[in-house]
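Here is a friendly note to read alongside the model. Take the points in order, and keep the 3D view open as you go.

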Amino acid sequence: MKNYCNLTASGMEDKANGSVDTKSPVENGQLPDPSNWGVADVVNYFKATGFEEQATAFQDQEIDGKSLLLMTRNDVLTGLSIKLGPALKIYEYHVKPLQTQHLKSNAS
């Protein structure tokens with residue numbers, strides 16, 4: 001199981017204007033490859049990125065790394081039963097970039 005506490009980027013940061021900056025954990029300058037993650041790894045990833053409350057939805061639905069890579073926007077928005085705002089951020093700033101990184105690394 002990976003420990004995301006030692007990653008170079010933190011989860012979410014409150015800005016002075018009240019908005020929140022969502023960052024992806026980065027390993028050696030790249031996003032991690034979740035293809036071999038278990039459910040606990042996926043849950044820990046989302047906890048580390050500032051989505052502690054929503055991380056339990058991934059556990060409840062038994063989403064492992066391979067499942068995460070197959071998720072569509074609609075899966076995240078409706079299939080996990082989490083609020084729309086966090087679901088959009090999870091998909092746009094985490095799921096989609098992880099999928100893109102995985103495809104790029106497998107295409108090489």
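1. Let us begin with a term. The axis of a helix is a line fitted to its C-alpha atoms over the stretch in contact, and the angle between two axes runs from 0 to 180 degrees between their N-to-C directions. Two packed helices are described by this angle together with the distance between the axes. Please keep in mind that this is a predicted model.

2. Now for the overall layout. The protein chain holds five helices and two strands. Read from the N terminus, the order of the elements is β-β-α-α-α-α-α. Of the 108 residues in the protein chain, 37% are buried. Looking at contacts between residues at least 6 apart in sequence, 53% join residues at least 24 apart.

3. How do the axes of H1 and H2 cross? They come within 8 Å of each other, and the crossing angle is roughly 165°. Angles over 145 degrees count as roughly antiparallel, so H1 is roughly antiparallel to H2. The crossing of H1 past H2 is right-handed. On the H1 side, the contact is made by Val-39, Val-42, Val-43, Phe-46 and Lys-47. On the H2 side, Glu-52, Ala-55, Phe-58 and Gln-59 take part.

4. Next, the aromatic rings. Three aromatic pairs turn up in a search of the whole structure. One of them joins Tyr-45 and Phe-46 edge-to-face, with 5.0 Å from centre to centre and 90° between the planes. Tyr-45 has a relative accessible area of 0%, so this residue is buried. Phe-46 is buried too, because its relative accessibility is 0%.

5. Why does the pair of Phe-46 and Phe-58 count as stacked? Planes under 30 degrees apart count as stacked, and these two lie at 10°, with ring centres 4.3 Å apart. This pair links distant parts of the chain: Phe-46 belongs to helix H1 (residues 39-48) and Phe-58 to helix H2 (residues 52-60), 12 residues apart. Phe-58 is also buried, at a relative accessible area of 0%. Ring pairs connect Trp-37, Tyr-45, Phe-46 and Phe-58 as a cluster.

6. In soluble globular proteins, nonpolar side chains tend to be buried together. Here the largest nonpolar core has 22 residues, and Phe-46, Phe-58 and Leu-68 have the most contacts inside it. H1, H2, helix H4 (73-79) and helix H5 (84-107) are the elements that give two or more residues to this core. H5 supplies the largest share, five residues.

7. Leu-68 deserves a look of its own. Leaving aside residues up to four places away in sequence, Leu-68 touches Pro-34, Trp-37, Phe-46, Phe-58, Ile-63, Val-95, Leu-98 and Gln-99. Two of the ring residues from the stacked pair, Phe-46 and Phe-58, are thus on its contact list.

8. Finally, is Ser-81 buried or exposed? Ser-81 sits in the loop between H4 and H5. Exposed means over 50% relative accessible area, and Ser-81 reaches 66%, so Ser-81 is exposed.

Methods
Residues numbered from 1 in each chain as written. Predicted model: local features only at pLDDT ≥ 70, side-chain atom pairs only at ≥ 80, totals over all residues. Heavy atoms only, no water. Phe/Tyr/Trp six-rings, centres within 6.5 Å; stacked < 30°, edge-to-face > 60°. Buried < 20%, exposed > 50% of the residue type's maximum accessible area, 1.4 Å probe, protein only. Helix = DSSP H or I, 4+ residues; strand = E, 2+ residues; numbered from the N terminus. Core = buried A, V, L, I, M, F, W, Y, C linked by side-chain atoms within 4.5 Å. Contact = heavy atoms within 4.5 Å. Parallel < 35°, antiparallel > 145°, perpendicular 65-115°, else oblique. Left-handed = near helix turned anticlockwise from the far one by under 90°.
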